Amino acid sequence: MVPGRTRTHPEETDIALTVAVVGGGIGGLCLAQGLRRAGVDVTVYERDQTLDERRQGYRLHVDARAGLALQQCLPPQLFELFLATCGSPSHQFTVVTEKLKVLHEEAYPAAADPFAPATLSTSVDRRTLREILASGLEDRIVTGKELTRYEADERGVRLFFADGGTAEADVLVGADGTNSAVRRQYLPHATVADTGTRIIYGKTPMSDEARELLPAPLQKGFMAVVGGAVGMATGLIRFRRRPEEAAAELFPLGNVRLSPAEDYLMWAVSAHQKQFGASDETLAALTPAHLHALAAKMIRSWDPGLRRLQMLADVKETFLVRVRSSVPVSAWPPSRVTLLGDAIHAMSPACGSGANTALKDAGELCRALALEPADVVQAIGEYEQRMRDYGYSAVEASRMAETETGSRRNRALFWLYRKVTR
Ligand SMILES: Cc1cc2nc3c(=O)[nH]c(=O)nc-3n(C[C@H](O)[C@H](O)[C@H](O)COP(=O)(O)OP(=O)(O)OC[C@H]3O[C@@H](n4cnc5c(N)ncnc54)[C@H](O)[C@@H]3O)c2cc1C
């Protein structure tokens, strides 16, 4: 912390602010980058042993919220790497039937620069983004540290981990995702509701055969397929630069490396749980191969080209998402414990908004903590007030988009999905 800052506890002054971030996901890492840039002593405690332990290479739509937060928090060269490794932007959003009959087409205005932070509108590979966010933080991330509980008072916070270890900090940020241990203890009344939607996500690498099969609308942008009770969202990621090559060029000393990645088609077969013909327990136990086969079965009467594209997937990359959405809670009194991202406002992926909102949180909280607030707790309270406002609005918008796109009767309203596409 900045010399001279006073804390809420009157006896303590002139001590550097220490921030413990629990969760090394998209929001937690972005916050850590920003705090480090601002000279704040930050440590990220991540449950997983390594940052690439879980499957995470899916396509994320990113917009101005992400653009501005990443520009603020990342060192300029890493921000440049982020922009270099984004996907080409979409120019059009199309809704088709399962037989590829066009129901709705919407072209995007070409005026805004899709790679300028304030008008960013493109896609990234989640794994690439997370690798960029973790770059240079090696000495600030402690892996294999699962938070189980904490103790907090007006002077600071003590963290307790599953391995028996403890740590101390002035501020604790729960960036630990939808099942947040921090939220469960801090705001036990804040719950996460199951929306009933289940989604099987898959990835089809862009082989020559797959490229040939791409329906024309997919060449221009995101395409949503409405097939009665089952829907499919599809989006290409065409890297502007291969991540590994862009990193080697921008960081010739090799201090930043990115995993190789190739262009791919993301597809997501979604329906209400009942349509999957299996209980959640059974679905959760399915292997990627079984999930891939189940998705194929659900679209078995669809256009042959679409089915073939699904068949050409990298099967081991198939995974299931049970969609959950935070139930907003009223304002709580601020303290030295706070939350960001899915930990406080988990939302349906229908609007492509969760990561964007988590990144915005990181930027907002970073600003609050790095600006030498006379009172850290008050600064956290001001962040939380703003965050609840836009965070819960995003939850509601995503919930509505999911509801309105989940029904054949409302197929015309599928255009709401357009936000995912740009
Ligand atoms: C398939 C899919 C597609 C999506 N598409 C989009 C999109 O297009 N655009 C968009 O904006 N959003 C999208 N989202 C949502 C987005 O991925 C999330 O909103 C975002 O990852 C939230 O970031 P976060 O940092 O809050 O949490 P996470 O990224 O989930 O990170 C939480 C971290 O906390 C760690 N952790 C958990 N518990 C503990 C503990 N007790 N102790 C220590 N560490 C812990 C976890 O291991 C994890 O690393 C999508 C989500 C899915 C599943």
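This note sets out points on the fold, the ligand shell and selected residues of a predicted model.

1. Basis of the model. The structure is predicted: local features require pLDDT of at least 70, side-chain atom pairs count only at pLDDT 80 or more, and totals for chains, interfaces and linings use all residues. Residues are numbered from 1 along each chain as its sequence is written.

2. Overall dimensions. The radius of gyration of the protein chain, taken over C-alpha atoms, is 22 Å; a compact globule of 422 residues would have a value near 22 Å, so the two agree. The globule rule is 2.2 Å times the number of residues to the power 0.38. Along the principal axes, the C-alpha atoms fill a box of roughly 70 × 50 × 40 Å.

3. Of the 422 residues, 47% count as buried. A residue is buried if 20 or more other C-beta atoms lie within 10 Å of its own, exposed if 12 or fewer, and partly exposed in between, with C-beta atoms placed from the backbone. Among contacts between residues at least 6 apart in sequence, 75% join residues at least 24 apart; a contact requires C-beta atoms, placed from the backbone, within 7 Å.

4. The seven-stranded sheet. An open sheet with mixed pairing has the strand order β5-β4-β13-β14-β15-β12-β16; two strands pair if DSSP finds at least two bridges between them. Strands β5 (102-107) and β16 (319-326) stand at the edges with a single partner each, so one side of each has no neighbour in the sheet. On average, neighbouring strands are turned by 20° against each other, direction ignored. Helix α10 (residues 288-298) packs on this sheet and touches β12 (192-205), β14 (230-237), β15 (264-272) and β16. The direction of α10 makes about 95° with that of β12; axes are lines fitted to C-alpha atoms, for helices over the stretch in contact, and angles run from 0 to 180 degrees between N-to-C directions.

5. Which residues stand opposite Thr94 in β13 and β5? In β13 the bridge partner of Thr94 is Met223, and in β5 Thr94 stands opposite Glu105. The pairing of β4 (residues 92-97) with β13 (residues 223-227) is parallel, over four bridges, whereas β4 and β5 pair in the antiparallel sense over five bridges.

6. The β4-β5 hairpin. Four residues lie between the strands of this hairpin. Leu100, in the loop between β4 and β5, has phi near 70°, a positive value in a residue other than glycine. Leu100 counts as partly exposed because there are 16 C-beta neighbours inside 10 Å.

7. The three-stranded sheet. A second open sheet has the order β8-β9-β10 with antiparallel pairing. Its edge strands, β8 (147-152) and β10 (166-169), each pair on one side only. The twist averages 20° from one strand to the next. Strand β9 (residues 157-161) is joined to β10 by four bridges, and Arg158 has Glu168 of β10 as its bridge partner.

8. The ligand shell. The ligand is surrounded by 34 residues, of which the closest are Gly23, Gly25, Gly27, Gly341 and Gly354; a residue is near a molecule if its C-beta atom, placed from the backbone, lies within 6 Å of it. Elements giving two or more residues to the shell are α1 (26-37), β3 (59-63), α12 (342-345) and α13 (354-370). Helix α13 supplies the largest share, four residues. By class, the shell has 15 nonpolar, 12 polar and seven charged residues. Here Ala, Val, Leu, Ile, Met, Phe, Trp, Tyr, Cys and Pro count as nonpolar, Asp, Glu, Lys and Arg as charged, and the others, Gly among them, as polar.

9. Helix α2. This helix (residues 64-73) is mostly covered, with seven of its 10 residues buried. The buried residues are Arg65, Ala66, Gly67, Ala69, Leu70, Gln72 and Cys73. The elements covering them include α1, β3, α3 (76-84) and α13.

10. Ala401. Ala401 and Ala350 are 51 residues apart in sequence, yet their C-alpha atoms are 6.0 Å apart in space.

Conventions. Two residues are in contact if their C-beta atoms, placed from the backbone, lie within 7 Å.
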